[in-house]
Amino acid sequence: MAKSSPTKKAWRSLSWLGVIIVGLIALNGVGVATGGGSWTPKLALDLEGGTQIILAPKLESGQTVSSEQLNQAVSIIRQRIDSAGVSESEINTQGGQNIVVSIPGTPDDATLNRIESSAKLEFRPVLMADVPSADSVGSDGSTETPAPESTDGATDPAADPAAEATEAPITTPTAAPTDAGDLNNITPELQELFNSFQCADIDTTNVAPADQPLVTCEVDGSVKYILGPVEVSGENISDASNGQVQTQSGATTGEWAVNIVFDGTGSKAFADVTTRLSGLTGVQNQFAIVLDGSVISAPRTLAVITDGKPQITGSFDQDTSKALADQLKFGALPISFTVQSQDTISATLGSSQLQSGLIAGLIGLILVVLYSLAQYRLLGLVTIASLTVAGVVTYFLITLLSWREGYRLSLAGVAGLIVAIGITADSFIVYFERVRDELRDGRGLVSAVESGWRRAIRTILASDAVNFLAAAVLFVLAVGNVRGFALTLGLTTLVDLLVVVLFTHPVLQLLARTKFFGDGHKLSGLDPRALGAVYRGRAQFQGPAPVPGKKGTSASREAAKRQTIAERKAAELIGSGSKSSTDGKDS
Amino acid sequence: MASFNQFGNDLHTGKLSYNIVGRRKLWYLIAAVMILIAIVGPILRGGFTLGIEFTGGSEFVVSQADTQDQDTASTAIAEVVPAAVPKISTVGADSIRVQTDQLTETESREVSAALATAYGVDATQVTSSFIGATWGQDITAQAVRGLLTFLVLAGIVMALYFRTWKMALAAMVALLHDLVITAGIYGITGFEITPAAVIGFLTILGYSLYDTVVVFDKIRENTSIDGPESRRTFAESVNLAVNQTLVRSINTSVVAVLPVASILVIGAFVLGAGTLRDISLALLIGMLVGTYSTIFIAAPLYAQLRENEPEILKRDKKSLALKAKASAGTSDSTVVPSDAASDVTA
């Protein structure tokens, strides 16, 4: 008999499993050794505590926040935090005007900045620029005509704005300003303010209203500006990304650029601005991108952009272009916020929740073990061993995810894991019941394991596929807590499959060849007598039938075999006429 | 457990068989009544009880407290509003935050006063406010979208796997039955619907379909193997499959429910409230209802959906004729006496 082949295969499967487990542990070890990893998963806010930030809107007097604006701000902040790779963050509104951001653990500075710079983004024309120090010597900016060097109507950030800062034109407005870029916007008071303005003076909580000029600085304080009223608002940006500039032939130049896509309103407004600005020279050719009152970029206008898709080029590298693109994309809040309070909080019922969750899981596990032993006798030990292996693999996968992907285990995630005990154990139950069915039909254990497995694995695959689908859909579409739960559910479904294929089945294959199980010891849980196997006469059970190679080779044979025993009896009855009607009493 | 083994054996051999598929009208009636109750009950009660994340709720912050002991707050609140389930946490170095359901103004004042006394602070150091309810808008919308997407995808996957849309339809009907009844139980009993409970509901989707797929796989196997020569009608094949998987259904339910029940017990009696209790309650109800509906709704419905197909009708007629012959005990041997491995020929 080809007895050695399944045995060999079984050992090979087990070795693979061993390799996977050792690999996971080793990978984790590397993580710990290189400093980023840990032997325990990171915990989410509800288990570990975390930081709570309360954001209050910056309101001009008389202005109110609508719940619609607030909700929009919440989704934007959520996007930002998610894009920073922080999961399990909770964002709520509070009291009808504040936003509460809960972040697990202690967030790094970058994440905090992202939230705090939850800025109002606006595009304003530059009216005047200067280096901040009062006695700077400006050169005439109009001598430097920018060369249109980019390909698709790009704009170019001023290479060195200070170098082309204009002498303040000492003019008194003679007429009311006609447009946002009109120098008539500069009133003597504004000029005064500008002349004495120090970049340290920036008060980001007091940004000038959209229809008024603004005096401000470059974020790093290198240049100060007088900016005209807002021409395009950040809400009109529908997308922003970074990428390398491409030539007309499609080759990349290696130069990084930020690509903006405006919506309909934005495109039109931006077309108007660039039409006007491209006709101007010097700093007035520039427009400033203002984030929370500070200028993050002030590119020159090289062409009229009518399609609403400007490209900003300049001295970007991959990181700086990405940063600007993110600021443009996620900076478009309908209102500005200020951080009102930031607290590090302990968990809601915190560590005691985790402890209770673990205790509950342990009790549940013990009950499952007892039930398995009662139902399947020593076969139950295979269930327990399989669950243990599944537990080990899942634990290290979660630890790895927590290291590589910043995953944090929340209470909902723990619940997902505990639920998974049941679903994982079900795979074994389906399998064992199939094997028992085969034994009942009179197969020997070795072949019952093989044919039971082929039937069971189909069912396990199909049902796991549905479960995984549920988890995947939830993971893709849901946010926050639900996502964490979906992840553990999906993960354990995969682990379930891995364990049943690489552990449970091989172990059963090997056990079937032991004397204890093979002979159907009473305690093995696979005792053919207890399972009412079809008696074949002369104390022989149906021998190990050769396992059919392909399904369908013996469909009708199977059909006959799959008759219930009662039916088989009936058939025999018919065959032998009514004379043997007395033997309907057995089994 | 020998008797349970025997039970399994008898179900497998057909010696013991529950006529589940045949009594479908009874199950449909029960389901209809349950669904009616699940819909009317919550309406009579005045809708679902929503958690603080949906409705908003009251929040109290005690600042500059002498102690950050959380029990002090729960005792103080229990005296004023015993029904409240406070969520207590420490904020910063010397503050306690208490979240409760939306309280009336009188209650709010009383709770503030009680907290102030309990922590030995001036009444002005207890601020009370309420929480906005964006969770409901933000995340429920996404959960519903996820639910619909999942139903469509799962329907397609099942229809492809089983090669008949009727199984997918029967499974979906059973699934809706589960969701409506679980939600109904929440509505009737007034259990709070929290984000955690919604997570529980979403899991039921997966679990209910999972359970149905396992049983349907056996049904598919039985009905395709039984073929045209079978002595069983289509409905009887389905019924046999349900009976043969009954032990599996019982074992799986028990194994799945045990951990969930232990979370529920710990969550409800040790912790009193929170994520664990909410998730496990929804799951416990959903798992029990899910297992029930697979057996008593999905399988009979599937048999019914298919019984009027010409092929099935033909086959049923044949097997009924065979059976009639068998019961008549005709001795002219049209059926070869068979041992397990030989073919049954007509």
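A nonpolar core is a set of buried Ala, Val, Leu, Ile, Met, Phe, Trp, Tyr and Cys residues joined through C-beta atoms within 7 Å. With that in hand, welcome to this predicted model.

**The cores**

The largest nonpolar core here has 134 residues. Helix α10 (residues 411-440) of chain A gives the most to this core, contributing 18 residues. The table puts the two side by side.

| Core | Number of residues | Some of its residues |
|---|---|---|
| Largest core | 134 residues | A415(A), I418(A), A171(B), V238(B) |

Among the residues with the most contacts inside the largest core are I279(B), A299(B) and Y302(B). What does A299(B) touch, leaving out residues up to four places away in sequence? Its partners are I20(B), V21(B), V215(B), I219(B), V238(B), V242(B) and T294(B).

**Two packed helices in chain A**

Helix α10(A) also packs against helix α11 (residues 445-477) of chain A, at an angle of about 145° and with the axes 8 Å apart. The crossing is right-handed. Residues of α10(A) in this contact include I423(A), V430(A) and Y431(A), while α11(A) brings residues including L445(A), W453(A) and I460(A). By type, the residues of this contact divide into 11 nonpolar, 5 polar and 4 charged.

**A two-sided helix in chain B**

Now for helix α4 (residues 70-80) of chain B, whose buried residues are Q70(B), A73(B), A76(B) and I77(B). These lie on the same side of α4(B), because they cover an arc of only 130° around the axis. On the other side of α4(B), D71(B) and T75(B) are exposed.

Terms used: Residues are numbered from 1 along each chain as its sequence is written. Chains are lettered from A and ligands numbered from 1 in the order in which they are written. This is a predicted model: local features need pLDDT of at least 70, side-chain atom pairs count only at pLDDT 80 or more; totals for chains, interfaces and linings use all residues. A residue is buried if 20 or more other C-beta atoms lie within 10 Å of its own, exposed if 12 or fewer, and partly exposed in between; C-beta atoms are placed from the backbone. Helices (H or I, at least four residues) and strands (E, at least two) are DSSP runs, numbered from the N terminus. Two residues are in contact if their C-beta atoms, placed from the backbone, lie within 7 Å. The arc is that of the directions from the helix axis to the C-beta atoms. Axes are lines fitted to C-alpha atoms, for helices over the stretch in contact, and angles run from 0 to 180 degrees between N-to-C directions. A crossing is left-handed if the near helix is turned anticlockwise from the far one by less than a right angle, and right-handed if clockwise. Ala, Val, Leu, Ile, Met, Phe, Trp, Tyr, Cys and Pro count as nonpolar, Asp, Glu, Lys and Arg as charged, and the others, Gly among them, as polar.
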